[in-house]
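This briefing concerns a predicted model.

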Amino acid sequence: FKFHCSMCGMCCINRDDILLNAKDVFTISKYLGLKIPEFINEYCEVYVGDSSRFPIVRLNPRGYEKRCPLLEGKRCKVHEVKPTVCAMFPIGRSIRLDDKNIDTITAKDTQYLFVHPNCGDKRISYTVREWLEKFDIPIEDEFYIEWNKMLSNTSLEVHRIEAKLDKELMKKTWDLIFAIIYLAYDFNDDFLEQFKRNALQLKEVLKKIDFGGKDDGGTGK
């Protein structure tokens, strides 16, 4: 594809849809020298997705222009570690499931598409691999697959749980999910291995939630 970013900053305004995954939160917090809760409190908002019922972190836009809070002038203050969706632009990606179960997908099931931008120019040609490698995003991205597996499985569990728990207990459940997936990391250790452990821990925790004798389909939990 042909694209050249002219650094106009237009893709950073009128935006309220820049979502961060756990790796983005980890990497940007570390780059800014902030603890993860400090970064989230200063730059983000957290809400529960309407369909996923999963805690979502998004950059909180500022002012009438809805400027990205990480935009300084016309340049991203975390350009070297910018959010994945920003780093990939104008490339998007999805997972090709075909007849596969979400738990059996691999990085080879990732598919990419070019989203025609309304900015920049076409002075330079890139392959998708070349474009992603500029920001150290592998074309076969193991984290992308693990993140989507966790999202899918957690969403299923939360829908099951939400039908049984009252609002107060459900809020505590979402707080727990948020803490395990977004906050429980050591900057000195490898992110991906920590994420895998956290995802496994979350899976086990959700399975153990007890409904206090309410009808649960015969599981006893």
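The points below are grouped by topic.

**Helix α5**

- Helix α5 runs over residues 142-162, a total of 21 residues. From its first C-alpha to its last, α5 reaches 30 Å, close to the 30 Å expected at 1.5 Å a residue.
- At the start of α5, the backbone nitrogen of Phe-143 has a side-chain oxygen of Asp-141 within 3.1 Å.
- The buried residues of α5 include Phe-143, Tyr-144, Ile-145 and Trp-147. Lys-149, Met-150, Thr-154, Ser-155, Val-158 and Ile-161 are also among the buried residues of this helix.
- The cover over these buried residues includes the helices α1 (22-32), α6 (167-183) and α7 (191-207), as well as the strands β7 (91-95) and β8 (110-114).

**Cysteines**

- A disulfide requires two cysteine sulfur atoms within 2.5 Å, and the count comes to zero disulfides.
- Cys-68 is in no disulfide, and the nearest cysteine sulfur, that of Cys-12, is 5.9 Å away. Cys-68 counts as buried, at 9% relative accessibility.
- For Cys-119, the closest cysteine sulfur belongs to Cys-8; because the two sulfurs are 5.0 Å apart, they are too far from each other for a bond.

**Second largest pocket**

- The second largest pocket holds about 340 Å³ of space.
- This pocket is lined by 16 residues, of which Lys-149, Met-150, Asn-153, Ala-199 and Lys-203 are the closest to its centre.
- Helices α5 and α7 are the elements that give two or more residues to the lining of the second largest pocket. The largest share, eight residues, comes from α7.

Technical notes: Residues are numbered from 1 along each chain as its sequence is written. This is a predicted model: local features need pLDDT of at least 70, side-chain atom pairs count only at pLDDT 80 or more; totals for chains, interfaces and linings use all residues. Side-chain values use heavy atoms; hydrogens and water are left out. Helices (H or I, at least four residues) and strands (E, at least two) are DSSP runs, numbered from the N terminus. The expected span of a helix is 1.5 Å times one less than its number of residues. Buried means under 20% relative accessible area, exposed over 50%, partly exposed in between (1.4 Å probe, protein chains only). Contact means heavy atoms within 4.5 Å. A polar contact is a pair of N or O atoms within 3.5 Å; within protein, one must be able to donate a hydrogen and the other to accept it, and residues adjacent in sequence count only if both atoms are side-chain atoms. On a 1 Å grid over the protein atoms alone, a cavity is a set of points where a 1.4 Å probe fits but cannot get out, and a pocket is an open set with protein on both sides within 12 Å along at least five of seven lines; lining residues have an atom within 4 Å of a point. Grid points are joined across faces, edges and corners, and a volume is the space filled by probe spheres set on the points.
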